[in-house]
Amino acid sequence: MSAVIESHGHDDHHHGPAKGLTRWLYTTNHKDIGSLYLWFSFAMFLIGGAMAMVIRAELFQPGMQIVEPEFYNQMLTLHGLIMVFGAVMPAFVGLANWLVPMMVGAPDMALPRMNNLSFWILPFAFFILLSSLFMEGGAPNFGWTFYAPLSTTYAPPSVTFFIFAVHIMGASSIMGSINVIVTIMNMRAPGMTLMKMPLFVWSWLITAYLLIAVMPVLAGAVTMMLMDIHFGTSFFNAAGGGDPVLFQHIFWFFGHPEVYIMILPAFGIASHIIETFSRKQLFGYASMVWAMASIAILSFVVWAHHMFTVGLPLAAELFFMWATMLIAVPTGVKVFNWVTTMFKGSISYETPMLFAIAFVVLFTIGGFSGLMLAITPADFQYHDTYFVVAHFHYVLVPGSIFSIMAAVYYWIPKWTGNMYDERLGKLHFWLSFIGVNVTFFPQHWIGLAGMPRRVPDYALQFADWNMISSVGAFLFGASQILFMYIVLKTVMGGKKATPQVWEGSRGLEWTVESPAPYHTFTTPPKVN
Amino acid sequence: MSYQKYYVPEDSKYPIYIATALFLLVMGAAGTINDLGKPESNSVYILYSGFAVFAITLYFWFRAVIREHIAGLDSAQLQKSFVFGMGWFIFSEVMFFAAFFGALFYVRNFSVPWLGGDGEKGLANMLWEGFEASWPVMSTPDAGSAFVLADKSMSWPGWGNALKWLPLWNTIVLLSSSVTVHFAHLALKNDNKKSFNTWLGVTVTLALIFVGLQAAEYYEAYAHYGLTLNSGIYGSTFFMLTGFHGFHVMMGGFMLAVMLSRSVFYNHFDPHNHFGFEAASWYWHFVDVVWVMLFLFVYIL
Ligand code: HEM
Ligand SMILES: [Cu+2]
C-alpha cells in the first residue's frame, strides 16, 4: 500500500500555506489552526476584559454611577463566560495545536479536518453569545454559573440562544479534545514512550480526558434547562418533584473539573519554562505526571465544595471537605518540584521565566485561599463574598493567564522566527504583576469583611479597597494593550531567533528551524 | 513494514460549511423554540436550511474520506486514529447519558424523599405539607394547574401483564439486534458478503421495529396514561432518558443503514477493511447497553 501513497498525485508536504483568506477558512494545518485559536482567544480576552473594566468602573465608588443594575448583571455574566470559554480554554487549545504535534514528532494533528471544524465553531458560538446583548430582555444575566431558577424561570428570552451556544462550544471542545488525545496516543515518534513525553503533552492528555468526560455533562445540564423553560419538565422545579439544587450538582460536576481544565496545561507550561531558565533538568518528572493524574481523578469527587451552604447532608459536607483538602497534596508536590528545580539552578530572568515564577507564587496564594474555602464551617462565612472572587481570580489570572502569557513569550520565537523585545516584555510583566495584585489582593480583605460578590453597589466601609482594586484593574487592563503591541511587533520583525532559541531549552520543537516550517516531522524523528 | 506517510489533507472546505450549518441550526432552533406559538416566525426556515447544509456537507465529507481510503491514502496509523476517535466519541456519549442517569438517581434517592419528609433534609416537606414521596411520582408536590398529572406509569406491571408490556418487547428487539449485528460482523470476517448483508438488513429492520414500538409507547403514554413531559419529575426523567435513547437508536440505525447501502450498492467492505461498519456497530452496542440500563433503572426498579 505504501507505494500508492508516494506515487499519488500531489505530495502536499512540499506546499506552503495557501494564499489569502481561504488559507484560514480551509486550513488543516495545526500551526495555522493554533494561530487562529490564539488570536481568537486574544480577541475574547480583550472583549471580556472590556466588560471587566465596566464592572470595576461601576465598583470604583459606592452607589450607582455608570450602568443600570440589570446591565451590570449582564456584564458580569458575559465577562465570566467569555473569559472561561472564550479566552482561557481556546488559548490552551491553540497552544496544544501548535505544540503537541511538534513535541511528539507528529506531522500534524491526527484528524486535521475535524481540527479546523473545532476552531470555526467558536467564532459562531461567541457571535451568538454576544448578540444576545441586543436581544429583547438583554443578555444572560444569571452569572457564569447560571443557577436555576435564575437561568430558567427568571431568565431573559436570550437564554435559549445561550443554551444552544453552549451546546456548540461543547461540541467544539469535545472534538478538539478527541484530536489531542488521538494525536498523543497514536502519533508519537518511535521511541517516545509515555514517560518520555514532555510535560505539556502529558498535561494536555489529562486535560483532554477531563474535557471529554465533563463537557457532555454540561450539555446535559443546559438541555434540562431548555426542557424546563420551554417544554414543561420539572428537573429543577421542586413543585414538580425536581430540585434546583440538582442543577448545582450537575453544573459543578462539570464545573470543578473545568477549573482544572484551565490549570493543568498551565502546570505543563510552567514546568518547561522553569526547567529551561534554571538550566537544570526538571526535578521529579514522574511525580509531576502522577500529581496531574491524581488531581484529575480527585477533581471528579470534590464538586460540592461549591455548595456547602445550600443544605447538604452532613456526611456530604464532610466528605467533600476532606476530598477537597486531599487535592492540596498533589498540588503541593508540584509546587515543591518547581521550587526544587530552581534550587541551585543557574537562573536567568527572561520574560517567560518572570511570568512562570510569578505563576508559581501567585497560584500558590490562590491554592491557599482555596484551602481556606475548603473548610466547610469557614466557608459558611466566606461563601459568596469577595473572598471567593479573590480566590478564583488568583488561580485564573496570575495562574492560567500568566502561564499563557509565559507560553507566548517562550514559544513566540519558534512561531515567528523573531525574538520579542525583552525590555518591553519585562515592562509588560511588571505592569501586569503589579496590576493583578493591586486588583485582587484587597478583594481578600473586603471579602473577609463581608462584602458580597455579584453586587453593583456596596456598603460604605468597603469603599477604599474597592477603589484601589479598580485602579489595579485599569492598570492591568491597560498593560494588555502593551502585550498586543509586543506580539504584533514580534510578528512583524525583530532579532532573528536560532532554532534552539533559549540556551537551556530541550525538546523536539527546538530542533526545527525558527520559524517552524509549515510542515514539520512529515517523517517521524528518532527519539532516544 | 516501512513507514507509510500519515495522510494530512491539504485543505478542506467541509469543516467551515459544517460550522456554518451548525450556526444556522442553533440560531434556527433557538429562534423557533423562543417563537413557539407565533405563526409569523421565520426561524424554522433557518433551522431547515442549517439542517440541509449540514446533511449535504456531511455526505460529501464522508464520501471524500471513503474515496481517500479506496485510493489507499490512509495508512494503518491513520485508521488507528479513526478507531481511537470513535472510541472517545462514544465515551463522550456515555457521559452525556450519565448526566441524565445522575439526575434520575438524585431525585429518586434524595430530593423526592426529602420533599416527602424523609431523610436528613426532610425539612423540605414544609414546602408542600402532605406530599407523600413515592416512585414513580404520580402526584407532584404542587399539584396546581402547572402540571397535568398522569394516572398510570410505565413501570413494571407485574408478571401477569408482562407480555402486554411494550418495554419488554423493546428489550427483546434491541438485544437481538445487537446479536444480529455481531453475526453480520462475523459473516464479513468470513468474507461472506451475502450473509453480511442479510444480517445487517435484519439489524436495521429491528432498529425500525424498536422505533415503531417506542412511538406506540409514547402515544400510549400521552393518549391513555396522561403521562407527559408536563406531569412532574417522573415524566421529565422518563421522556428525557427514553427520548434521548430513542434519538440515538435512530442515529445508530441510520448509520447501519448507510453501511448496508454501501455494501449492497457499492460493494464496499472486505474482511480486513470495514472500519465504517465497525464504528457503526460499536455505536449500536453502546445504544444497546444504554437501553439495558434504562430498562433496569427507568422501568423495572
Ligand atoms: C488547592 C486547590 C483548590 C482548592 C482547595 C479550591 C477550593 C475552592 C472552593 C472550596 C471554592 C468554593 C468557594 C465558595 O463558593 O464558597 C472554590 C471556588 C472556585 N475555585 Fe477553587 N480551589 C482550588 C483551586 C482552584 C483552581 C486551580 C481553579 C482554577 C484555575 C479554581 C477556580 C475556582 C473558581 C472559578 C471558583 C468559583 C466559582 C464560582 O462560584 O463562581 N480553584 N475553590
Ligand atoms: Cu471547585
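This is a predicted model: local features need pLDDT of at least 70, side-chain atom pairs count only at pLDDT 80 or more; totals for chains, interfaces and linings use all residues.
Local features are reported here at pLDDT of at least 70 and side-chain atom pairs at pLDDT 80 or more, while totals for chains, interfaces and linings use all residues; side-chain values rest on heavy atoms, with hydrogens and water left out. Residues are numbered from 1 along each chain as its sequence is written, and chains are lettered from A and ligands numbered from 1 in the order in which they are written.

The iron atom of ligand 1 has His391(A) as its only protein donor, through NE2 at 2.1 Å, where donors are N, O and S atoms within 2.8 Å of the metal (3.2 Å for Na, K and Ca) and sites may look incomplete, water not being among the atoms. The copper ion (ligand 2) is 4.5 Å from the iron atom of ligand 1.

Ligand 1 is surrounded by 23 residues, and the closest are Trp144(A), Asp379(A), His383(A), His391(A) and Arg453(A); a residue counts if one of its heavy atoms lies within 4 Å. By class, the shell holds 13 nonpolar, 8 polar and 2 charged residues.

Polar contacts, that is, pairs of N or O atoms within 3.5 Å, include the following.

| Side chain | Atom of ligand 1 | Distance |
|---|---|---|
| Trp144(A) | oxygen | 2.9 Å |
| His383(A) | oxygen | 2.7 Å |
| His391(A) | nitrogen | 2.8 Å |

Two or more residues of the shell come from each of helix 8 (244-261), helix 12 (351-374) and helix 14 of chain A, helices being DSSP runs (H or I) of at least four residues, numbered from the N terminus. Helix 12 of chain A contributes the most, with 6 residues, whereas His391(A) is placed in helix 14 (residues 386-416) of chain A.

Notes: A polar contact is a pair of N or O atoms within 3.5 Å; within protein, one must be able to donate a hydrogen and the other to accept it, and residues adjacent in sequence count only if both atoms are side-chain atoms. Ala, Val, Leu, Ile, Met, Phe, Trp, Tyr, Cys and Pro count as nonpolar, Asp, Glu, Lys and Arg as charged, and the others, Gly among them, as polar.
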